[in-house]
Amino acid sequence: MYRSHTCGELNAASIGQEVKLSGWVQKIRDKGFMVWVDLRDRYGITQLIFDEERSSKELMEKAQKLGREFVIQVSGKVIERESKNTNIPTGEIEVLVDEVNILNTSLTPPFTIENETDGGEDLRMKYRYLDIRRNPVKNKLKFRHKVGMEVRNYLSNQDFVEVETPYLIKSTPEGARDFVVPSRMNEGQFYALPQSPQTFKQLLMVGGMDKYFQIVKCFRDEDLRADRQPEFTQIDCEMAFVEQEDILNIFEGLTRHLLKEINGVDVAEFPRMTYSEAMKKYGNDKPDIRFGMEFAELNDLAKNKGFNVFDQQELVVGIAVPGAASFTRKEIDKLISWVKRPQVGANGLVWAKYNEDGTLKSSVDKFYSEEDLKTWAEATSAKPGDLILLMAGDANKTRTQLSALRMHLGNELGLRKADEFAPLWVVDFPLLEWDEETNRFHAMHHPFTSPKKEDFALLETKLGEVRANAYDLVLNGNEIGGGSIRIHDKETQEKMFDYLGFTPEEAKAQFGFLMDAFQYGAPPHGGIAFGFDRLVAILGGQESIRDFIAFPKNNNGRDVMIDAPAKLDEAQLKELHLQVNYLEETSKNSQGK
Ligand code: ASP
């Protein structure tokens, strides 16, 4: 028996007991006549004591030779500690050791394995198994487990069945590139790893499973913008005989259950906002509604007053920044440079201060009277003390730029509070979006999404205006879930592929299996998928998903611990019937969407 108790278990009630513990040596304090060792395992830390007066010479020597991260087993007696530590559950006791057994030695770890560490991110990723011994990482993995359990509980109680779907499949279009796997047994042919189990979950509905879910890995080969992972986890769900309303209700229920069980927070019914309203009010289809600063369109109030810069633009739009009238010239200039950075790409900002004394002063006083500025204040709902910021330009671009500024200010002013939760549904997304580059429509969600019945007529006339039965669940400015009611008949699905520029042959080759299945009594169905990593991070009050993943990849998609991806040796290539012929510029030229 390695242990009678864990290192987090013993307390004052255990005094007098003979115990056995196993774990890692976190810290050694050697006073010569006494040695204290902090022994750590997943459950906590227990202090061990070796005492010249009470321990043999041999035992003292053994204790003095222990090193950090040695794995040891000890037997001893629980005694009351002299100087107690009230911060940890085991802080009132220590174990007076009578036998120590070194189970394994350790090299000196490259960083300290304590809550606060001296190890930088790269080093901690290279030695991730050591990082996982630290509380901050270990606790996040435990937290993830807890969220996963609650998801499974809730969905099982609602009659959902968890079904696994294959990883070696054929391409599913979710808007990214596929990771591919060569087949040894089928020369010259490749599997694709699923970008999601989309087609399989639909086939499960044709198969009569009725309610499916799966906590599942998905693989998307995309440029890793901040905090994305090439493989990530979804809570993937699908239901038969449902309308949009049914799905929103069930998954609002799941989200509410999680907020209650995990965070102890009760949230009211989730507000709903159409896509077009979200874009108009927040310039963003995943608005953070924890703080105001809603957009006000000012074309009528700011154009044709002699200020040329505005007159020529499609849209003049503004926000009121609470309490920011006190910003200095320097602070405002900093904001102007911030929006001019290529990442945002705005031309500039016009500002108006609504001073505490009720007067108004702007950067464009030459063109606008105080009366004019008052109308801006009314439109943006600015109060005395607020700063009004205006942007102008092409409507869509300007909304996106102002949204970036709004989020930036939300962060800077501390308005995005981690312990506040503001979920909402964004509904009525456009079915298709026009891609200037390829000169054709793309599915905004994916090609299996059904158009709204009310918009069927527009399919023949104004494709770009057709709305979809698609919805996103947004939490604190993050899209945490998205889904749609699906097409479930062959004809509509064929038409959809046609709108998306597939020839009938291409559609059949890629998705014939799904359209075939639709001919055998496919029920009406729909679903949703949650980004599990992001959901866990948000519930855990963090922005970054990386620490909630045991073995994450870095921004170049590399696992620096196992050093992957890596080259294959000749023998393996041969077996796969592959020859690698590195093309220059491969990354730029051959990876079109
Ligand atoms: N497969 C979709 C996605 O990964 C989710 C869905 O439509 O259910 O975004």
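A polar contact is a pair of N or O atoms within 3.5 Å; within protein, one must be able to donate a hydrogen and the other to accept it, and residues adjacent in sequence count only if both atoms are side-chain atoms. The model here is predicted: local features need pLDDT of at least 70, side-chain atom pairs count only at pLDDT 80 or more, and totals for chains, interfaces and linings use all residues. Residues are numbered from 1 along each chain as its sequence is written, and side-chain values use heavy atoms, with hydrogens and water left out.

**The ligand**

| Residue | Ligand atom | Distance |
|---|---|---|
| Gln198 | nitrogen | 2.7 Å |
| Lys201 | oxygen | 2.6 Å |
| Arg486 | oxygen | 2.7 Å |

On its own the ligand has 270 Å² of accessible area, and the protein covers 92% of that (Shrake-Rupley method, 1.4 Å probe). Around the ligand stand 14 residues, of which Gln198, Lys201, Gln234, His445 and Arg486 come nearest; a residue is near a molecule if one of its heavy atoms lies within 4 Å of it. This shell holds two nonpolar, eight polar and four charged residues. Asp, Glu, Lys and Arg count as charged, Ala, Val, Leu, Ile, Met, Phe, Trp, Tyr, Cys and Pro as nonpolar, and the others, Gly among them, as polar.

Helix H5 (198–206), strand E21 (478–485) and strand E22 (525–531) each give at least two residues to the shell. The most come from E22, with three. Helices (H or I, at least four residues) and strands (E, at least two) are DSSP runs, numbered from the N terminus.

**Strand E1 and its partners**

Strand E1 (residues 18–30) pairs with strand E4 (residues 71–80) in the antiparallel sense over seven bridges; two strands pair if DSSP finds at least two bridges between them. In this pair, Leu21 is opposite Val74 of E4. E1 also pairs in the antiparallel sense with strand E2 (residues 34–41), over six bridges. Here Val25 has Leu39 as its bridge partner in E2. The hairpin of E1 and E2 has three residues between the strands, and Gly32 in it takes a positive phi near 90 degrees.

**Backbone in the loops**

Asn304, which is not a glycine, has a positive phi near 60 degrees. This residue sits in the loop between helix H8 (299–302) and helix H9 (308–311). Asn304 is exposed, at 68% relative accessible area (exposed means over 50%, buried under 20%, partly exposed in between; 1.4 Å probe, protein chains only).

Ala564 and Pro565 are joined by a cis peptide bond, with omega about 5 degrees. Pro565 belongs to the loop between helix H16 (532–539) and helix H17 (570–575).
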